[in-house]
Amino acid sequence: MIYPANIEQKLGFDTIRQFIANECISGLGKNLVAGISFKQNYSEINTLLNQTDEFLQILLFDNFFPSQDYYDLTPEIDRIRLQGTFIEIQSLVELRLSLATIFDCIKFLQPVDEETKYPELFNLAAKVNLNEVILDAIDRILDEKGFIKDDASADLRKIRKELRLKTANAEKKLIQTLSIAKKEGWTGEDVTVTIRNGRAVIPVTATNKRKIKGFVHDASATGQTYYIEPEEVFELNNDIRELEHDERLEIVKILTEFTDFLRPYSQELKNAYYFLAQMDFIRAKGKFAIKIEGIKPLFNRNAQLDWYLAKHPLLFLSHQAQKKTIEPLNIKLDNKKRILIISGPNAGGKSVCLKTVGLLQYMLQCGLLVPMKQTSETGIFEKLFIDIGDEQSIENDLSTYSSHLLNMKTLAANASQKTLFLIDEFGTGTEPQLGGAIAEAILEELNNKKAFGVVTTHYSNLKLMADTNEGIVNGAMLYDTTNMHPLYKLKIGKPGSSFAFEIAQNIGLQPEILEKARTKSGKSHLDFEQQLQQLEVDKDEIKRKQQELKVADDFLSEMIDKYTNLNTKLENSKSIIIRQAKEDAKELINQSNRIIENAVRMIKESNAEKEVTQEARENIQHFKEKLENPNQIIKKAKQKTLQTEPKERLPIFIGDYVRIIGQQTLGEVESIKNDKAVLLANSIRVTLPLNQLEKVSKSEAKQKMKSPKTSTYGNIMSNINEKASKFNPSIDVRGKRADEALVLVKQWVDEAILLSVYELSILHGKGNGILRHVIREYLSGIPEVKSYKDEHIERGGDGKTLVSLK
C-alpha cells in the first residue's frame with residue numbers, strides 16, 4: 001500500500017522516471033520505464049537490483065554491450081499475423097538489424113569457461129528461444145544496403161535483367177535524339193533530359209515542337225518550352241513501365257512468401273523483442289545509476305534503515321550542475337529506535353531529509369540503485385505513507401489542517417510493523433497547544449503499533465517524547481551559530497533548536513521588535529533552547545577530552561609496561577650474575593687448595609730439591625697473578641651469563657645506527673612510527689619493523705661505513721632500484737582462479753612492502769564475489785595492511801579494492 005495516490009509527484013519520483021526514460025535508446029525501453037512500480041516482494045526487488053547492478057558493471061568495465069538498432073517490431077509482427085499480409089521492406093531491414101542486436105546481446109551474456117559473469121542478465125537471455133534461421137532467410141532476399149536481391153527469385157532475376165537492357169536502350173535513343181535536336185538548334189545547348197509524368201522527355205522550344213516526332217507530356221508556364229517524348233522511345237518506356245510493375249508484383253510475392261515463413265515464429269519474436277526492451281530498460285537504469293552514483297546496498301527482508309552517506313538524487317544532480325557539494329545523510333531506524341523526530345531551524349534541511357528517506361526507499365523498492373555507501377543496510381516496507389505539503393481542497397471543502405487529520409486517520413487505521421510513514425511539520429495548521437497534543441497522541445498510537453517513521457516538527461512536547469517513549473529518538477538539523485547559517489547535517493540523539501531569534505537577527509529584523517519578542521516568549525522557553533545548544537557543545541567538548549585522555553592513558557600504560565619489563569630483566573640478570581660469581585669463587589678456592597696440596601706433595605716427594613721447589617713456587621705465583629684483577633670473577637660470570645641467556649636487543653631511537661638481523665647492511669634511523677623504522681642506507685630509504693633490526697655502536701658503524709661496499713650489497717641495491725622502477729601499484733586478477741590470484745597478490749604485496757609503496761589497487765571484478773572475498777581475507781591477516789576499501793562507484797565500486805599500507 002502506498003499513500004497518497006500522488007506519492008510519486010510529492011517525492012519527485014516522476015522526475016526520476018523521466019531521467020531514466022531519457023536514457024533509453026528506443027520506445028521499447030521507454031514502455032517499461034512507464035511501468036515501474038513500487039514492489040513488496042523481496043525476491044522480485046532483489047532480482048531487479050541485481051540486474052541493474054550487473055549492467056552497471058558492464059557499463060563501467062566491459063563497455064562492449066550492443067547499443068544500437070533497438071527497433072520495436074512488435075506492432076509489425078502483430079500486423080502480419082493475418083494471412084495474406086506481407087512485411088514491408090523497411091520493416092524487413094529493421095527486423096534484420098534488431099535481430100542481429102538481440103543475438104549479439106545473448107552472445108555477450110553467455111558464460112565464459114562455465115563461469116557466468118552476469119547471472120541475472122543471463123537468466124533473461126536464456127528465456128529467448130529464437131533460431132538464427134530467420135536471419136539466414138532475410139539475408140537470402142535482402143542485400144547489405146537494404147534492397148531486395150536480384151537472385152531473391154528466378155523470375156525477379158529475369159525481370160530485372162530485361163529491365164536493365166530496355167532502360168539502357170531507351171537512354172541511348174533518347175540521348176541520340178537530344179544530340180540531333182541540339183545540332184539542329186531545336187533546343188538549347190545546355191538542355192538535358194528531364195522527367196515529366198514519370199517519363200523521360202526532351203525540352204524543345206515552341207517553334208520547333210513539330211520537328212521531333214513524339215508525344216507532348218507538358219509545357220512550361222510561359223508556353224515557350226514543350227516537353228516531348230520521342231516516338232522511338234515511347235514503346236520502350238511502355239515496356240519499362242510494365243517491367244517495373246512486374247518487378248513490384250514479384251517483390252510482393254517474395255515478401256509474402258517470407259512472411260508466411262516468419263508467421264509461425266511470431267510468439268518467439270515477441271519474446272525476443274521483450275528481451276531487447278528489458279536490455280534497453282536495464283541499461284537506462286544503469287546509466288542513471290552512474291549519474292547519481294547509485295549502488296546496490298546490503299538488502300534484507302526486515303523493515304529497517306541503516307544508511308550512510310545517502311544523497312537525494314535530484315538535489316545531487318542539481319548541485320552537481322552548479323558545481324556545489326551536497327551534505328549526505330546518515331540515518332538509522334531499527335526495532336529499538338523506530339521513529340525519528342527531526343527538529344531544527346527553518347530552511348535547515350528537515351524536509352529534504354524527509355524526502356530523501358521517502359524517495360530512496362521508493363526507488364529501492366522499484367528496483368533502482370540508490371546513492372549511498374555500499375555498506376548501508378536496507379529493508380522492505382509493505383506500506384509507505386507520506387504527509388508532505390499542502391493538501392487543501394476547495395472542491396471537498398477541506399482546510400489544510402483538515403486534510404492533514406484525514407491523512408492521520410488513514411495512517412492510524414492502516415499502520416503496522418511493516419509501515420514507513422513520513423510526516424512534515426507534524427501538528428501544525430491549528431492552535432499550537434491543541435495541535436501539539438493531537439500530534440503527540442497520534443505518534444504514541446503509531447509507536448504502539450511498532451510502525452517506522454520520520455517526522456519533522458518545531459513542537460517541544462514532541463521533542464520530549466523520546467525521553468519517555470521507548471522506540472522514539474530525537475534528531476537535530478545542525479546550525480552554525482557563529483556564522484549564522486544552517487549546516488544541513490542531521491545528528492541523531494538530541495532535539496534541535498529552531499534558532500528563530502538568531503535567524504531573525506541575521507536577516508536584520510529590528511532589534512526593538514526582537515527584544516519585545518524575547519520578553520513575550522518567556523525566559524523559560526529561551527532557557528530551554530539555550531540549554532539544548534549548550535548541552536550539545538558540552539557533549540562535544542567532553543568527547544574531545546575523553547579522546548585526549550584515552551591517548552595519554554594508552555601512552556602512559558605502554559611506558560609503564562616497558563619500564564616494568566626492563567626492571568624485571570635487570571633484576572633477573574643481577575641474580576644470575578651473582579649466583580655465577582659465587583660458583584666461580586667456590587671453584588677458585590677449590591682450585592687453590594688443589595694447587596697448594598700438589599706443591600706440598602711435590603716438595604715432600606723430592607725431599608725439597610731446589611728445582612722442584614722452584615717449580616711449585618712458580619705455579620702458585622702464576623695462579624696468584626690470575627687473581628690480581630678483582631673484576632675477573634665478575635667478568636667471567638658475565639660472559640657465562642651472556643652465553644646462557646638470549647641476547648637482549650637495546651632500544652632503538654632516531655639517529656641510531658642499526659643492522660638488519662642476519663645481514664651486514666647498516667643504516668641510520670630517520671624516523672619511528674607504529675613499531676616501524678625508516679632507515680637511510682646508502683641513499684636508499686627502507687621501512688622495516690623494529691623487531692627485524694638490532695642496534696650497533698657508532699664506532700662499529702663508522703668502521704663499516706668506511707669499508708668499501710661488497711659486490712653483494714651493490715647487487716641487492718641494484719635489484720631493489722630495478723624493482724622500484726618496474727613496480728606497478730595496480731594489479732588485475734580478473735579471470736584468474738582464486739588460488740592463482742592469491743599467489744600473484746601475495747608476491748605483489750610483498751614487493752610493495754619491501755619498496756615502501758603505501759597505496760595499492762586490486763582489480764578483481766565482481767562476478768560471484770569469490771576473488772574479492774579471498775583477497776580481502778588474505779589482506780586482513782597482513783600486519784602491514786593499514787586498511788582496504790571499495791573503489792569509488794564510478795571507478796569500479798566493489799569490483800576493485802583499494803589497499804593502504806602502514
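I began with Phe108, which comes out as partly exposed, with a relative accessible area of 23%, and I kept in mind that the model is a predicted one. I then turned to Tyr118, which is buried at a relative accessible area of 7%. Looking through the ring pairs, I find a count of 12 aromatic pairs. For Phe108 and Tyr118 the ring centres are 6.4 Å apart and the planes lie at 10 degrees, so I noted the pair as stacked. Since Phe108 belongs to helix α6 (residues 89-109) and Tyr118 to the loop between α6 and α7 (119-126), the pair ties together parts that are 10 residues apart in sequence. I also noted that ring pairs link Phe55, Phe65, Phe108 and Tyr118 into a cluster.

I looked up Lys311 and found its charged end over the ring of Phe316, 4.8 Å from the ring centre.

Setting aside neighbours within four places in sequence, I listed the contacts of Leu95, among them Leu73, Ile138, Phe258 and Tyr273.

I checked the length of α13 (residues 350-364): at 1.5 Å a residue its 15 residues should span 21 Å, and the end C-alpha atoms are 21 Å apart, which agrees. The helix is mostly covered, with 12 of its 15 residues buried, and the buried ones include Lys350, Gln361 and Met363.

Definitions and conventions. Residues are numbered from 1 along each chain as its sequence is written. This is a predicted model: local features need pLDDT of at least 70, side-chain atom pairs count only at pLDDT 80 or more; totals for chains, interfaces and linings use all residues. Side-chain values use heavy atoms; hydrogens and water are left out. Helices (H or I, at least four residues) and strands (E, at least two) are DSSP runs, numbered from the N terminus. The expected span of a helix is 1.5 Å times one less than its number of residues. Buried means under 20% relative accessible area, exposed over 50%, partly exposed in between (1.4 Å probe, protein chains only). Contact means heavy atoms within 4.5 Å. Rings of Phe, Tyr and Trp (its six-membered ring) pair if their centres lie within 6.5 Å; planes under 30 degrees apart count as stacked, over 60 as edge-to-face and the rest as tilted. A charge sits over a ring if NZ of Lys or CZ of Arg is within 6 Å of the ring centre and within 35 degrees of the ring normal.
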